[in-house]
Amino acid sequence: MLIRKPEAIRPSEITPESVYLRRREWLRRAGLASAGLALSPLAVAQRRSDQGQTPLLKDVQPATQRPGRAPNSWEDITTYNNFYEFGTGKSDPARHSGDFSPAPWNVRVGGACAKPGDYALEDLVSPHRLQERIYRLRCVEAWSMVIPWVGIPLRELLLRFEPESSARFVRFRTVMRPEEMPGQRRGILDWPYEEGLTVEEAMHPLTLMAVGVYGRELPNQNGAPLRLVVPWKYGFKSIKSIDTIEFTRRRPATSWNLSAPREYGFYANVNPDVDHPRWSQASERPIGAGLFAGRIPTQPFNGYADEVAGLYTGLDLRRNY
Ligand SMILES: Nc1nc2c(c(=O)[nH]1)N[C@H]1C(S)=C(S)[C@@H](COP(=O)(O)O)O[C@H]1N2
Ligand SMILES: [Mo]
């Protein structure tokens with residue numbers, strides 16, 4: 001469904017990047033791939049699907065920017081998760097999300113926009129060329145990963161709903177399905193999980209609506225079929241399995257902020273200078289780096305300061321944590 005067949009690629013869509021990827025793929029097939037031509041995550045996914053595993057999202061524009069570290073393994077990304085709807089342990093989402101059904105899927109779009117409505121996932125996704133984005137993810141718990149997402153810039157998606165000028169925030173909600181999500185049968189949080197961004201944050205070119213990882217559709221534990229990725233904010237802002245998007249005039253209430261307002265702010269920008277009340281945020285533990293690997297320094301805005309710091313000029317980042 002999200003997978004566009006190669007025949008569906010119009011000549012106008014063939015960019016230098018896709019030509020590059022195909023050439024690399026050709027080199028690989030011809031046995032010419034050298035160490036200097038390290039395979040991108042997309043090419044790795046291609047190799048997986050060559051071996052008869054899950055199909056990949058064919059028409060994906062490969063990432064142009066890469067963070068300093070190599071992407072985490074598929075194993076790390078899909079077995080070490082936070083998704084409290086399936087339990088609070090890191091392996092709970094992988095183990096307890098088997099009964100969750102991400103298809104069919106509809107998203108209700110509402111609030112201050114000219115095109116509200118119920119949209120089928122396919123209609124949301126199919127007009128867009130999917131992009132690969134390799135981003136760092138920094139959890140507020142002080143661990144981190146590097147993840148090769150596949151998705152649509154949120155900006156492109158939101159503009160289709162024609163937001164009104166009165167819209168100042170965008171609110172997102174995770175589906176409420178206690179029958180399929182065992183964590184929602186317990187009072188861990190005030191369900192359903194809700195998050196929000198300012199319109200400027202939502203419209204920033206780095207903000208992604210992800211539908212895949214490693215060139216494949218999102219596994220349930222990573223927020224199938226549709227989840228937000230805001231790489232300069234703590235991971236809890238990147239809400240999973242979204243079924244509602246609303247343009248609002250007032251700042252929306254958000255789940256973690258409601259549950260512990262002193263610990264989790266609305267902005268939640270990654271900031272090594274502002275500690276969590278119970279632990280330091282100055283450094284982080286990279287997942288999958290090996291038992292004896294040390295912590296690494298946390299960067300302001302998770303390393304994306306050049307791109308996003310301008311969104312917050314004049315804002316006291318210590319108060320607006
Ligand atoms: N609905 C929902 N979204 C969520 C969460 C959650 O518990 N429920 N956890 C958040 C947190 S704390 C993090 S760090 C990221 C983790 O994303 P990943 O498991 O895909 O790496 O998802 C975020 N999105
Ligand atoms: Mo997190």
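**Cavity**

I looked up the largest cavity, which holds about 30 Å³ of space. The model is predicted: local features need pLDDT of at least 70, side-chain atom pairs count only at pLDDT 80 or more, and totals for chains, interfaces and linings use all residues. Residues are numbered from 1 along each chain as its sequence is written, chains are lettered from A and ligands numbered from 1 in the order in which they are written, and side-chain values use heavy atoms, with hydrogens and water left out.

For the terms, I noted that on a 1 Å grid over the protein atoms alone, a cavity is a set of points where a 1.4 Å probe fits but cannot get out, a pocket is an open set with protein on both sides within 12 Å along at least five of seven lines, and lining residues have an atom within 4 Å of a point. Points are joined across faces, edges and corners, and a volume is the space filled by probe spheres set on them.

I found one cavity of 30 Å³ or more in the whole structure. Arg171, Phe172, Arg173, Glu194, Thr244, Ile245 and Glu246 line the largest cavity. Strands S6 (169-174) and S11 (242-248) are the elements that give two or more residues to this lining; strands are DSSP runs of E, at least two residues, and helices runs of H or I, at least four, numbered from the N terminus.

I read a volume of about 450 Å³ for the largest pocket. It has 26 lining residues, and Asn82, Phe83, Cys139, Gly235 and Phe236 are the closest to its centre. Strand S5 (residues 143-153) gives the most to the lining, with four residues.

**Strand S5**

For pairing, I used at least two DSSP bridges between two strands. S4 and S5 run antiparallel with eight bridges, and glutamate 132 stands opposite valine 150 in S5. Their hairpin has four residues between the strands, and alanine 142 takes a positive phi near 75 degrees there.

S5 and S8 (residues 208-213) are antiparallel, with five bridges; proline 153 has leucine 208 in S8 as its bridge partner. S5 and S12 (residues 283-286) run parallel with two bridges, and tryptophan 143 stands opposite arginine 285 in S12.
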